[in-house]
Amino acid sequence: MSSAALKGWNRAQMAARVAQDIPEGAFVNLGIGLPTLVATHIPAGREVILHSENGVLGMGPPPAPGAEDFDLINAGKQPVTLLPGGCFFHHADSFTMMRGGHLDICVLGAFQVSTRGDLANWHTGEPDAIPAVGGAMDLAIGAKQTFVMMEHCTKSGESKIVEACRYPLTAAACVSRIYTDLAVLAVTPEGLQVIDMADGLDFDRLQALSGVPLLPARPPLTPTSME
């Protein structure tokens, strides 16, 4: 069954869904590509300190058109803003933060994620593909949690969620949650647990579009009477 006819979350909705799960006070790195959209969807009133690999802490949303400062960019070379209290620093200091366990969450794109949370996000063999792993390896291992944000299927309809990654690994067993245009999945010891699904999608159809077995969402817990 193809996902082409299915209307899932658009990219802005995906970014908002990721932002929903980022807690107050978290230090968060946003990788290049889709994850950069998360910066514009942090819920109002919630303080989240955004980090960029090239040496920015306290990064804000993109600037208004015409207000860009191209000396202030994120790791994807896109102009950003700096929130009050924000700062920028040497690349080596940035990697010390990444490798030293100082980031609560990193949000990365991916070509494939396996059922055990293995991440492949840097090489497809295509001539114009990203030539090297860059800082993604340091982020995936160094952050306390790794969230992946990607389309559920390739353009040809193949699931990007696989039993075993066919591309070179960025890191093994590092992913804790997967956010796609169709669903949110938690990586658990028992398998991939459905946390949320796009409107109009049921579990059976999601399963048919996925390359691996999924576990249905657990029902809400029934409150226990204290009487």
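1. Tyr167 is partly exposed, with a relative accessible area of 30%; buried here means under 20% relative accessible area, exposed over 50% and partly exposed in between, with a 1.4 Å probe and protein chains only. Phe111 is likewise partly exposed, at 27%. The model is predicted: local features need pLDDT of at least 70 and side-chain atom pairs pLDDT 80 or more, whereas totals for chains, interfaces and linings use all residues. Residues are numbered from 1 along each chain as its sequence is written, and side-chain values use heavy atoms, with hydrogens and water left out.

2. The whole structure contains 2 aromatic pairs. Rings of Phe, Tyr and Trp (its six-membered ring) pair if their centres lie within 6.5 Å, planes under 30 degrees apart counting as stacked, over 60 as edge-to-face and the rest as tilted. Phe111 and Tyr167 have ring centres 6.0 Å apart and planes at 70°, so this pair is edge-to-face. Phe111 belongs to the loop between β5 (105–108) and β6 (112–114), and Tyr167 to the loop between β9 (161–162) and β10 (175–179), so the pair ties together parts 56 residues apart in sequence. Helices (H or I, at least four residues) and strands (E, at least two) are DSSP runs, numbered from the N terminus.

3. The aromatic pair of Phe147 and Tyr179 is tilted, at 5.3 Å centre to centre and 50° between the planes. Phe147 sits in strand β8 (residues 145–149) and Tyr179 in strand β10, so parts 32 residues apart in sequence are tied together. Both Phe147 and Tyr179 are buried.

4. An open sheet is formed by 10 strands in the order β4-β3-β2-β1-β5-β8-β10-β11-β12-β13, with mixed pairing. Its edge strands, β4 (82–88) and β13 (214–215), each pair on one side only. Two strands pair if DSSP finds at least two bridges between them. Strands β11 (residues 183–188) and β12 (residues 191–197) run antiparallel and are joined by 6 bridges; Leu185 stands opposite Val194 in β12. Helix α1 (residues 11–20) lies across β5, β8, β10, β11 and β12, and runs at about 165° to β8. For such angles, axes are lines fitted to C-alpha atoms, for helices over the stretch in contact (heavy atoms within 4.5 Å), and the angles run from 0 to 180 degrees between N-to-C directions.

5. In strand β2 (residues 49–52), Ile49 and His51 point one way and Leu50 and Ser52 the other, and all are buried. In a regular strand the side chains alternate between the two faces of the sheet. Strand β1 (residues 27–30) pairs with β2 in the parallel sense over 3 bridges, and Phe27 has Ile49 as its bridge partner in β2. Strand β3 (residues 56–59) runs antiparallel to β2, with 2 bridges between them. The two strands β2 and β3 form a hairpin with 3 residues between them, and Gly55 in the turn has a positive phi of about 115°.

6. A further open sheet has 3 strands in the order β7-β6-β9, again with mixed pairing. At its edges stand β7 (119–120) and β9, each with a single partner strand, so one side of each is left without a neighbour in the sheet. Strands β6 and β9 pair in the parallel sense over 2 bridges, and Val113 stands opposite Ile161 in β9.

7. Lys160 is buried yet has no salt bridge, and the nearest side chain of opposite charge, Glu151, is 6.8 Å away. For charge, Lys and Arg count as positive and Asp and Glu as negative, while His and the chain ends are not counted. Leaving aside neighbours within four places in sequence, Lys160 has contacts that include Phe111, Val113 and Glu151.

8. The structure holds 8 salt bridges, each defined as a side-chain nitrogen of Lys or Arg within 4 Å of a carboxyl oxygen of Asp or Glu. Arg17 and Asp196 form one of 2.8 Å, N to O. Arg17 lies in helix α1 and Asp196 in strand β12, so the pair ties together parts 179 residues apart in sequence. Arg17 is buried, with a relative accessible area of 10%, whereas Asp196 is partly exposed at 26%. A network of salt bridges links Arg17, Asp21, Arg177 and Asp196.
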